Amino acid sequence: MTATKSFADLHLRPPLRDLEQVKRMIAKSAELGFQLVGVTFPCNVSVEVIEKVRKICREAGADFASRVDLTPKTSHELLDNLRRFRREFELVSVSCTSKPVARQAAKDRRVDLLSFQASEPRRRFFDHAEAELASKALASFEVDVAPLLLLEGYQRIRLLSCLRREVTVARKFKVPVIISSGAATEHLLRNPNDFVALATLFDMTSERALESLSDVPLAIVRRNREKLSPDYVAPGVRVVRRRDCCLCE
Amino acid sequence: MRRRYLAIRVESEGSVDKGELTDAVWKAITQLFGEYGASQAGLVVIAYDEQTGRGVVRCSHKALPMVKASIAAITKTNGRLILIHVLGVSGTLKALRKRYG
């Protein structure tokens with residue numbers, strides 16, 4: 001079932017101060033069957049750190065995508081952050097902590113992933129209006145598995161209930177869903193089949209869960225790499241060949 | 001009753017014995033699906049090697065998605081971190097052993 005697919009985990013959150021831990025987590029991810037890993041960096045990270053992590057990924061045999069998680073307090077702050085950081089990272093995720101931020105993030109085409117707080121169901125704003133905006137702007141809804149593993153009892157029940165509702169809304173409005181580990185430590189990493197099994201807890205079918213782990217995240221990274229390439233002009237338009245000076249002809 | 005056999009691999013801080021593994025799986029399934037759900041699972045840890053961390057779990061075929069989700073949700077047993085991967089599923093022990101050793 002999974003032998004021919006490539007899988008991507010777009011949300012690894014290793015402690016960047018401890019490069020050994022970063023190395024272990026990336027190696028583990030690759031060993032578990034992920035061909036592409038997205039590593040979260042702070043906004044002000046240096047290029048050297050990103051290159052070090054890229055090298056670690058290369059050594060582990062995994063493709064690497066740099067990612068930033070924006071947590072703006074207001075929609076103005078979000079716009080400002082997007083202006084400053086969009087071109088610095090391959091993936092931009094917005095953690096929506098308020099409704100105005102959630103709405104702005106959903107309608108902005110520079111945002112790749114929408115994520116919501118797991119521990120506070122009242123601060124999850126992925127409703128019909130949000131899904132409609134996200135669907136038009138090609139933003140995806142991200143489900144982190146780590147909180148599902150860490151929470152217990154009533155909190156986990158509420159989270160599962162929210163996820164079930166949100167995944168149904170996403171399907172209705174054709175918003176792509178991606179499943180990521182959201183892991184900050186090795187023991188929260190799982191293989192793709194385990195993620196599929198956990199996705200059944202919020203009523204995702206195996207086929208959709210597999211898509212959320214492979215086709216959807218891979219397409220997002222491919223699209224962004226194309227956009228970040230110097231040859232990109234507009235959707236469907238790119239520079240094929242350059243001459244030193246086209247005015248000389 | 002049709003059954004399914006799951007090949008598993010356990011990773012943990014320190015060694016985990018068969019009893020602890022059984023407890024962890026039962027606890028996870030009871031937490032996620034309640035006593036009613038657990039009663040339908042027909043769950044048995046058939047074999048487990050502490051040295052290699054590999055084992056076989058048997059369950060009812062109808063409860064397979066439930067058991068797989070429960071096993072993936074396990075993070076701790078007796079205060080120690082534990083992580084269980086499902087390597088594969090088969091309808092017979094013979095086929096499972098052939099595939100996963």
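Modeller: A residue counts as buried if 20 or more other C-beta atoms lie within 10 Å of its own, as exposed if 12 or fewer do, and as partly exposed in between. Keep in mind that this is a predicted model.

Colleague: Fine. Then where does B:Leu87 fall, buried, exposed or in between?

Modeller: B:Leu87 has 17 C-beta neighbours inside 10 Å, so it counts as partly exposed. B:Leu87 belongs to strand E5 of chain B.

Colleague: What does B:Leu87 touch, apart from its neighbours within four places in sequence?

Modeller: B:Ala7, B:Ile8, B:Arg9 and B:Tyr100 are in contact with B:Leu87. For B:Arg9, the C-alpha atoms are separated by 6.8 Å, although B:Leu87 and B:Arg9 are 78 residues apart along the chain.

Colleague: Over to chain A. What about A:Ser180, buried or exposed?

Modeller: A:Ser180 has 26 other C-beta atoms within 10 Å, so it is buried. A:Ser180 sits in strand E7 of chain A. Setting aside neighbours within four places in sequence, A:Ser180 is in contact with A:Asp9, A:Leu10, A:His11, A:Glu142 and A:Asp144.

Colleague: And how far is A:Ser180 from A:Thr74, C-alpha to C-alpha?

Modeller: The separation is 26 Å, with A:Ser180 and A:Thr74 lying 106 residues apart along the chain. For another pair, A:Lys227 and A:Glu90 are 137 residues apart in sequence and 9.3 Å apart in space, C-alpha to C-alpha. A:Lys227 is in helix H10 (residues 215–228) of chain A and is partly exposed, with 16 other C-beta atoms within 10 Å.

Colleague: Next, helix H7 of chain A. How many residues, and what span?

Modeller: H7(A), residues 153–172, has 20 residues and reaches 29 Å from its first C-alpha to its last. That is close to the 28 Å expected at 1.5 Å a residue.

Colleague: Which residues of H7(A) are buried?

Modeller: A:Leu159, A:Leu163, A:Glu166, A:Val167 and A:Ala170 are buried in H7(A). Seen down the axis of H7(A), the buried residues fall within an arc of 105°, so they line one face of the helix. An α-helix has 3.6 residues a turn, so residues three or four places apart point the same way. On the other side of H7(A), A:Tyr154, A:Ile157, A:Ser161 and A:Lys172 are exposed.

Colleague: What covers the buried residues of H7(A)?

Modeller: The cover includes helix H5 (128–137), strand E6 (140–144), H6 and E7 of chain A.

Colleague: Now H8(A). How many of its residues are buried?

Modeller: Eight of the eight residues of H8(A) are buried, so the helix is largely enclosed by the rest of the structure. Among them are A:Pro192, A:Phe195 and A:Val196. The cover comes from both chains and includes strand E1 (7–12), helix H6 (146–150), strand E7 (177–180) and H9 of chain A, together with helix H2 (64–72) and E5 of chain B.

Colleague: How many residues go into the contact of chain A with chain B?

Modeller: Ten residues come from chain A and ten from chain B. H8(A) gives the largest share of the side of chain A that touches chain B, four residues. By class, that side has four nonpolar, four polar and two charged residues.

Colleague: How do H8(A) and H2(B) cross?

Modeller: Their axes come within 8 Å and cross at roughly 115°, and the crossing of H8(A) and H2(B) is left-handed. A:Asp194, A:Ala197 and A:Leu198 in H8(A) meet B:Pro65, B:Lys68, B:Ala69 and B:Ala72 in H2(B). The residues of this contact divide into five nonpolar, no polar and two charged.

Colleague: Last topic, backbone angles. Which value does phi of A:Asp203 take?

Modeller: Phi of A:Asp203 is near 65°, a positive value in a residue other than glycine. Most residues other than glycine have a negative phi. A:Asp203 lies in the loop between helix H8 (192–199) and helix H9 (206–213) of chain A, and is partly exposed, with 14 other C-beta atoms within 10 Å.

Colleague: And what is phi of B:Asn78?

Modeller: Phi of B:Asn78 is near 50°, which is also positive. B:Asn78 lies in the loop between strand E4 (76–77) and strand E5 (80–90) of chain B. B:Asn78 has 11 other C-beta atoms within 10 Å, so it is exposed. Just after H7(A), A:Lys174 takes a positive phi of about 55°.

Key:
Residues are numbered from 1 along each chain as its sequence is written. Chains are lettered from A and ligands numbered from 1 in the order in which they are written. This is a predicted model: local features need pLDDT of at least 70, side-chain atom pairs count only at pLDDT 80 or more; totals for chains, interfaces and linings use all residues. Helices (H or I, at least four residues) and strands (E, at least two) are DSSP runs, numbered from the N terminus. Two residues are in contact if their C-beta atoms, placed from the backbone, lie within 7 Å. Ala, Val, Leu, Ile, Met, Phe, Trp, Tyr, Cys and Pro count as nonpolar, Asp, Glu, Lys and Arg as charged, and the others, Gly among them, as polar. The expected span of a helix is 1.5 Å times one less than its number of residues. The arc is that of the directions from the helix axis to the C-beta atoms. Axes are lines fitted to C-alpha atoms, for helices over the stretch in contact, and angles run from 0 to 180 degrees between N-to-C directions. A crossing is left-handed if the near helix is turned anticlockwise from the far one by less than a right angle, and right-handed if clockwise.
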